[in-house]
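Me: Hi! I have a structure open and would like to walk through it with you. Can we go piece by piece?

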Amino acid sequence: MRILLAEDDEILQDGISKALSQSGFVVEKVANGVDADTALLDSNFDLAILDLGLPQMDGMDVLRNARSRGNKLPILLLTARAGLGDRVQGLNLGADDYMPKPFDLPELEARVKALIRRSKYSADNEIIFASLKFDVVGRTISADSEQLEFSARELAVMECLMSRPGKLVSKEILLEQICGWDKDVTPNAIEVYVHRTRKKIEPHGVTIKAMRGLGYMLDKLEKKA
């Protein structure tokens, strides 16, 4: 899951980013409204956290622009402004939630997870494919009543594929979901993570098909005669 965090307070930005990263989210950080607006125009995110008091472009304008372009991703607003008018304006412009500063990081994390669940997943907070069951809240995957062990990046591969059942997912999309704008993972490394993940799920009747030049997709293994 990729989250855009637009916050110009370096200490707060770092604290939020670390908390969400520890929960398995990929966090892309920007410190002004222009960069936030550009990021929402060019990249795919699962949620955006916008501070209203951003330099260069106000967070409210970033929100307004995103919604005017038809961007429907969940947006959570942060602000030190005390006025009720800002909250009402933000919600009227299409914000999905609002948190006044100061706030507790565990509450922010809980709200982020709730917004993503509401926008993407079923009411029981699970994604099911064949024998695999992904618990969105606990961020675990089980098969045949057995919890499977994945590294953070292997889990990101599975989450990306299970969220798009029956659809091809390009190597570029997997790369974005695993590391975002960081450059520490090369496209070739994706093949390694896919290979490791495939080995863990094939005993449970599911595989990851590689379509050369196109991408990857989850598929059920054919039963041997």
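Predicted model: local features only at pLDDT ≥ 70, side-chain atom pairs only at ≥ 80, totals over all residues.

Me: Which residue in S2 is the bridge partner of Ala6?

Reply: That one is Val30. Strand S1, residues 2-6, and S2 pair in the parallel sense, over five bridges.

Me: Is S1 buried or exposed?

Reply: Five of the five residues of S1 are buried, so the strand is largely enclosed by the rest of the structure. Both of its faces are covered. Arg2, Leu4 and Ala6 are buried on one side, and Ile3 and Leu5 are buried on the other.

Me: And how many residues of S2 are buried?

Reply: Four of the five residues in S2, which spans residues 26-30, are buried, so S2 is largely enclosed by the rest of the structure too.

Me: OK, zooming out. What order do the strands of the sheet come in?

Reply: The order is S2-S1-S3-S4-S5, five strands in an open sheet with parallel pairing. S2 and strand S5 (97-100) are the edge strands, and each of them pairs on one side only. From one strand to the next, the twist averages 20°.

Me: Which helix packs on the sheet?

Reply: Helix H1, residues 10-22, packs on the sheet and touches S1, S2, S3 and S4. The direction of H1 makes about 165° with that of S2.

Me: How many bridges are there between S3 and S4?

Reply: Four bridges, with strand S3 (residues 47-51) and S4 paired in the parallel sense. Leu50, for instance, has Leu77 in S4 as its bridge partner.

Me: I just clicked on Thr79. Where is it found?

Reply: Thr79 is found in strand S4, residues 75-79. With 1% relative accessibility, Thr79 counts as buried, because the cut-off for buried is under 20%.

Me: What does Thr79 touch?

Reply: Leaving out residues up to four places away in sequence, Thr79 touches Asp51, Leu52, Tyr98, Met99, Pro100 and Lys101.

Me: New topic: nonpolar cores. How many residues are in the largest one?

Reply: The largest nonpolar core has 29 residues. Leu132, Ile141, Met158, Met162, Leu174, Ile201 and Leu218 are those with the most contacts inside it. H6 gives this core its largest share, seven residues.

Me: Why would nonpolar side chains end up together?

Reply: In soluble globular proteins, nonpolar side chains tend to be buried together.

Me: What does Ile141 touch?

Reply: Not counting residues up to four places away in sequence, Ile141 touches Lys133, Phe134, Glu146, Gln147, Leu148, Phe150, Leu155, Met158 and Met162.

How values were computed:
Residues numbered from 1 in each chain as written. Heavy atoms only, no water. Core = buried A, V, L, I, M, F, W, Y, C linked by side-chain atoms within 4.5 Å. Buried < 20%, exposed > 50% of the residue type's maximum accessible area, 1.4 Å probe, protein only. Helix = DSSP H or I, 4+ residues; strand = E, 2+ residues; numbered from the N terminus. Contact = heavy atoms within 4.5 Å. Pairing = 2+ DSSP bridges. Axes fitted to C-alpha atoms, helices over the stretch in contact; angles between N-to-C directions.
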